[in-house]
Amino acid sequence: MPRYAVLLRGINVGRAKRVAMADLRALLEDAGYSTVRTHLNSGNVVLTGEDADPAEHAERIENAIRERLGIQVRCAVLTADELRAVVEGHPFAAVADNGSRMMAYVYVRPVDPALVAGHPPVPQDPERARVGDRAVYQWCPDGLMAAPDIGPYIKQHLRIDVTARNWNTITKLGELI
């Protein structure tokens with residue numbers, strides 16, 4: 001059975017949408033997943049599930065969270081190959097020397113390839129943000145709070161929600177998967 005990375009959007013940020021990782025693991029096991037492992041307290045999960053389209057798994061997980069915990073959460077589900085492609089697609093590897101300042105805005109669902117193909121750099125941060133096949137990458141050498149907010153641009157131009165993770169988290173999930 002294949003392994004998947006699950007990235008929940010917006011949980012445990014501030015006081016809203018609080019979810020204990022033990023509760024999340026139990027919920028996912030009850031939903032039929034196995035070898036469930038969480039990473040940090042921000043909705044990062046690696047698990048084993050039936051061979052299915054990642055979007056089907058995302059919908060199943062979103063529904064289980066809504067039904068059991070009463071909260072609406074979007075999630076990105078990536079196959080091991082998709083996560084590997086995000087890691088290998090890192091356009092700033094030569095300069096991004098601090099994983100906590102390198103961000104990947106992972107699409108909650110795959111984006112129309114025509115929207116991504118040949119996409120120019122993100123105008124809010126043209127030197128440090130690039131659109132990829134499964135994520136938008138942003139190098140934030142002065143920290144995320146000092147970097148231009150590219151989330152609204154992604155939503156408007158790629159027509160997709162994203163969930164952001166720093167590079168340390170992305171690479172750790174790559175190891176765990």
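**Close-up 1. Aspartate 161, in the loop between helix H5 (151-158) and strand E8 (162-166).** The model shown here is predicted, so that local features need pLDDT of at least 70 and side-chain atom pairs count only at pLDDT 80 or more, while totals for chains, interfaces and linings use all residues. Residues are numbered from 1 along each chain as its sequence is written, and side-chain values use heavy atoms, with hydrogens and water left out. Helices (H or I, at least four residues) and strands (E, at least two) are DSSP runs, numbered from the N terminus. Aspartate 161 is buried, with a relative accessible area of 14%, where buried stands for under 20% relative accessible area, exposed for over 50% and partly exposed for what lies in between (1.4 Å probe, protein chains only). The side chain of aspartate 161 makes a polar contact with the side chain of arginine 74 at 2.9 Å, and another with the side chain of lysine 155 at 2.8 Å; a polar contact is a pair of N or O atoms within 3.5 Å, of which, within protein, one must be able to donate a hydrogen and the other to accept it, and residues adjacent in sequence count only if both atoms are side-chain atoms. Leaving aside neighbours within four places in sequence, aspartate 161 is in contact (heavy atoms within 4.5 Å) with Arg9, Arg74, Val106, Tyr107, Val108 and Lys155.

**Close-up 2. The crossing of helix H1 (residues 21-30) and helix H2 (residues 54-69).** The axes of H1 and H2 come within 10 Å and cross at roughly 115°; axes are lines fitted to C-alpha atoms, for helices over the stretch in contact, and angles run from 0 to 180 degrees between N-to-C directions. Leu24, Ala26, Leu27, Leu28 and Asp30 of H1 meet Ile61, Ala64, Ile65, Arg68 and Leu69 of H2 in this contact. Alanine 26, found in helix H1, is partly exposed, with a relative accessible area of 28%. From C-alpha to C-alpha, alanine 26 and valine 36 are 8.6 Å apart in space, and they are 10 residues apart in sequence.

**Close-up 3. The crossing of helix H3 (residues 80-88) and helix H6 (residues 167-176).** The axes of H3 and H6 come within 10 Å and cross at roughly 140°. The two helices are therefore oblique to each other, given that angles under 35 degrees count as roughly parallel, over 145 as roughly antiparallel, 65 to 115 as roughly perpendicular and the rest as oblique. On the H3 side the contact is made by Leu83, Val86 and Val87, and on the H6 side by Trp167, Ile170, Leu173 and Gly174.
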